[in-house]
Amino acid sequence: MKSIWRAHTPLPKGRPLMQDINAEAVVIGGGMAGILTAKLLRDKGVAAIVVESGRAGGGVTGNTTAKITSQHGLIYDKLIKMAGEEQALQYARANQRAVEQYRKIIVNENIDCDFEERSAYVYSLTSPLALGKEYRAAKQLGIPARMNEHPGLPFPVKGAVEFPHQAQFQPLKFLQAVAQDVPIYDHTRAYAIEDGAVVTQGGRIHAKYIVIATHYPFLNAPGYYFLRMYQQRSYVLALSGAPAVNAMYIGEKDNSLSLRQWGDFLLLGGGGHRSGQPEKGGYESLRQRARRLFPKSREVFSWSAQDCMTLDGIPYIGQFSSATPHVYVATGFGKWGMSSSMAAAMILSDQITGKENEDAPVFSPQRMHLAASVKNLLSGAGHTASGQLRRFFYVPSAQAEQLQKGEGAIVNYKGKKAGVYRDEEGNFFAVSVTCPHLGCQLEWNPQEKSWDCPCHGSRFDYKGRLLDSPAKYSCNKIKK
């Protein structure tokens, strides 16, 4: 399903790498974070290029709700308690500076990307108590927040915290403009980093500086990010005929509704769930809420996105590991990829050019907030163990022939366990259900007709083709 952004704007176009080359800096990943990092590096005199496995902007950037804001749900009260006031201030300042940097680039370069200043609200349906704590935390950090009992939502709430002077835009229009001066090698997947060179299927790129901005790092070691992150899917409906809103909204609870306006369309987000667990959310749960709240509306577009979630809720931006001093990373943006992308670009371009960035410490990939991380670490370990055990001990009893048209499942196929999808014409598509990343058992996602890894979030279409990392390869097909 295509997002409203992709329906209206083509993706930036590069060319595949066909030979070994040299570069001063190479950014792996052509999403918003990668393109902005390369742009800011080039603005600072570093000859940076981008390599992208598909098309620039074709991943999470093309499927965002495109809110540019330092208001990330109920984050600041938590940050002060977990990391202290100084690091909470760094987080707030980095994201607010990101909002201003977008505004500066758009104005200075005269970019037409539907940029609009809007307030951002976090609202509550049940109680204003948590909102009050967040308001006081924001004021403690110098954020000009305010409480608002009537935030302009088309349904009743108990109150909201407002961050004024935030923004929204059309992300692909912006990306098209800023990518024009960045050399992009698309359809060029990176597989490894060896001896200071990025290894791709088209050739090696020897570079002094390497930035991994691939949404989820494609290297397992060093760094071991697969132990420190998990992935969530979320869904968006573009509705016509729904009441218009004049701000950006997110609920305080997990899986609350997100709202913003683009032209005549209300963008309604929600239905989120951990990757590999589609039964806990998805399009249908979001559509049910849309029908209940906006019975006269009509769905025009629908799309989904995948977000990397760190154990403590703070992105990893900085040196990839202590063993790789010239390799950098930007990942774990949660559901706030637009402001985090610009914050990452500003921090990494400063670090690479030798400039101190006062906001960088809170995002250090070498940090460890143990108390905040242990619950998610244990949960992630449980998902991984379950995925591994199911791979070895789950024996399907159903046969492929029992599948209905349009149905997929793990079944017995020609005497072997396989993931099989039967299309509407009755054709069978069989793949191995062993994830090529780290071997967990894939699960069928009936809403998106994909095979999803519940351990680390890799995804594959029903033919086994790779959709989402950290896997670097497609699933093995099983011959008919």
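This is a predicted model: local features need pLDDT of at least 70, side-chain atom pairs count only at pLDDT 80 or more; totals for chains, interfaces and linings use all residues.

Antiparallel strands β21 and β22 are joined by 3 bridges. In general, the strands of a sheet pair through backbone hydrogen bonds, in either a parallel or an antiparallel manner.

These two strands belong to an open sheet of 4 strands, in the order β21-β22-β23-β24, with antiparallel pairing. At the edges stand β21 and β24 (466–468), each with a single partner strand, so one side of each has no neighbour in the sheet. From one strand to the next, the twist averages 35°.

The cysteines of this part may be considered next. The structure holds 1 disulfide, formed by C440 and C455, whose sulfur atoms are 2.1 Å apart. C440 is found in the loop between β20 (428–431) and β21 (443–445), while C455 is found in the loop between β22 (450–452) and β23 (459–461); the pair therefore ties together parts that are 15 residues apart in sequence. Because the torsion about the S-S bond of C440 and C455 is about -100°, the disulfide is left-handed.

C453 presents another case. The closest cysteine sulfur to that of C453 belongs to C435, at 4.1 Å, which is too far for a bond; a disulfide requires sulfur atoms within 2.5 Å. C453 is also counted as buried, at 1% relative accessibility.

Technical notes: Residues are numbered from 1 along each chain as its sequence is written. Side-chain values use heavy atoms; hydrogens and water are left out. Buried means under 20% relative accessible area, exposed over 50%, partly exposed in between (1.4 Å probe, protein chains only). Two strands pair if DSSP finds at least two bridges between them. Axes are lines fitted to C-alpha atoms, for helices over the stretch in contact, and angles run from 0 to 180 degrees between N-to-C directions.
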